[in-house]
Amino acid sequence: MNPGTCDTEAVAERTELRPTAQELWRHYQKEANSQNENALVERYLPLVRYAVGRLAMTLPDHVDRDDLHSAGLVGLLQSLRNYDPASGTSFESYARLRIRGAMLDELRRMDWVPRTVHEKSRKIQEVMGQLEQRFGRVPTDEEMARAMKISVGAYHELLDEIRPAQFICLDSVSTAGGEDSGTLSEVVGNPNDDGPMEQASRSELKQLIFARLKQLPEMQRKVLALYYGEDLHLREIAEVFGLTESRICQIHSQAILSIRAHLQRVESGLAGRTRRLQQT
């Protein structure tokens, strides 16, 4: 007998013996014991490994991947225990959000981003918001550099410096005053997790974000769509557009800062109207 044939038959036999995802879910829904839960964890473990690899690309070397992996496992377990098949969302989509959210929570707990990076990020966001209000559109690199009294090259270097914070901040765009109060994953995640008030707030914020995305320059929209929608790596996006990976990072940072500046401006306007109403 051909040895190659034996190998093929052995692989086929192992594949046949491996339960399908549907079978694992049936067993788990019938009896949610540790054995069935562990089987599902093993099945979906690649989601955690992928999320760690993708997030770690944007982080400095001193951030421990093992810590991220552990946090991702916690997110996966929470996903298994809280997932509602009747929600209409696939488990993979639901779990990706929760896994990434758990990792982001761990990064915030570690407080790994230096305060100076946050301060520089807020400064760029502030200037960008002022220029957008003046021009009625997203400012160009040249306009941003001029307003900050630096060269375009120095502005690009500044974007590179704050890049790690901005990659995390895509999942915390709903901020006002510089503090993270929620994540984009939470905004577009499973609405069944919240009550009516939270669902209404989530829906309003999602509409604001999506409306803002439509106003961004085409290049910024494409980079966000490929990175977060198509799950392409930065290097792959750079190859698509014939640009350097560094330039793609800068475009990404500008897009996130623009979204944050817009939301902060909206929230500031709402707060001002509330104060005026209270005074009347």
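Modeller: From the N terminus on, the elements of the protein run α-α-α-α-α-α-α-α-α-α-α-α-α-α, where helices (H or I, at least four residues) and strands (E, at least two) are DSSP runs numbered from the N terminus. This is a predicted model, in which local features need pLDDT of at least 70 and side-chain atom pairs count only at pLDDT 80 or more, while totals for chains, interfaces and linings use all residues. Residues are numbered from 1 along each chain as its sequence is written, and side-chain values use heavy atoms, with hydrogens and water left out.

Biologist: How many helices and strands does the secondary structure come to?

Modeller: The secondary structure of the protein comes to 14 helices and 0 strands.

Biologist: And what share of the residues is buried?

Modeller: Of the 280 residues in the protein, 40% are buried, where buried means under 20% relative accessible area, exposed means over 50% and partly exposed lies in between, with a 1.4 Å probe and protein chains only. As for contacts (heavy atoms within 4.5 Å), among those between residues at least 6 apart in sequence, 64% join residues at least 24 apart.

Biologist: Let's go to packing. At what angle do α3 and α5 pack?

Modeller: Helix α3 (residues 34-56) and helix α5 (residues 91-110) pack at an angle of about 45 degrees, with their axes 10 Å apart; the axes are lines fitted to C-alpha atoms, for helices over the stretch in contact, and angles run from 0 to 180 degrees between N-to-C directions. That makes α3 oblique to α5, since angles under 35 degrees count as roughly parallel, over 145 as roughly antiparallel, 65 to 115 as roughly perpendicular and the rest as oblique.

Biologist: Is that crossing left-handed or right-handed?

Modeller: α3 passes α5 in a right-handed crossing; a crossing is left-handed if the near helix is turned anticlockwise from the far one by less than a right angle, and right-handed if clockwise. On the α3 side the contact is made by Tyr44, Leu47, Val48, Ala51, Val52 and Leu55, and on the α5 side by Phe91, Glu92, Ala95, Arg96, Ile99, Arg100, Met103 and Leu107. By class, the residues of this contact of α3 with α5 divide into 11 nonpolar, no polar and 3 charged, with Ala, Val, Leu, Ile, Met, Phe, Trp, Tyr, Cys and Pro counted as nonpolar, Asp, Glu, Lys and Arg as charged, and the others, Gly among them, as polar.

Biologist: Which residues does serine 79 contact?

Modeller: Leaving aside neighbours within four places in sequence, serine 79 is in contact with Phe91, Tyr94, Ala95 and Arg98. Serine 79 is placed in helix α4 (residues 65-82) and is buried, with a relative accessible area of 0%. A polar atom of the serine 79 side chain lies 2.7 Å from the backbone oxygen of glycine 75.

Biologist: Now α6 and α8, how do they cross?

Modeller: The axes of helix α6 (residues 115-135) and α8 come within 10 Å and cross at roughly 130 degrees. That makes α6 oblique to α8, and their crossing is left-handed. Val117, Lys120, Ile124 and Met128 in α6 meet Tyr155, Leu158, Leu159 and Glu161 in α8, and the residues of that contact divide into 6 nonpolar, no polar and 2 charged.

Biologist: What's in the loop between α7 and α8?

Modeller: Isoleucine 150 is one of the residues in the loop between α7 (141-147) and α8 (152-161), and lysine 149 has its place in that loop too. Isoleucine 150 is partly exposed, with a relative accessible area of 31%, and touches Ala145 and Tyr155, not counting residues up to four places away in sequence. Lysine 149 is exposed, with a relative accessible area of 75%, and has a positive phi of about 60 degrees although it is not a glycine.

Biologist: Switching to glutamine 250, is it buried or exposed?

Modeller: Glutamine 250, which lies in helix α14 (residues 245-279), is buried, with a relative accessible area of 6%. Not counting residues up to four places away in sequence, glutamine 250 touches His156, Leu159 and Asp160.

Biologist: What joins the side chains of glutamine 250 and arginine 247?

Modeller: The side chains of glutamine 250 and arginine 247 are joined by a polar contact of 3.0 Å, a polar contact being a pair of N or O atoms within 3.5 Å, where within protein one must be able to donate a hydrogen and the other to accept it, and residues adjacent in sequence count only if both atoms are side-chain atoms.
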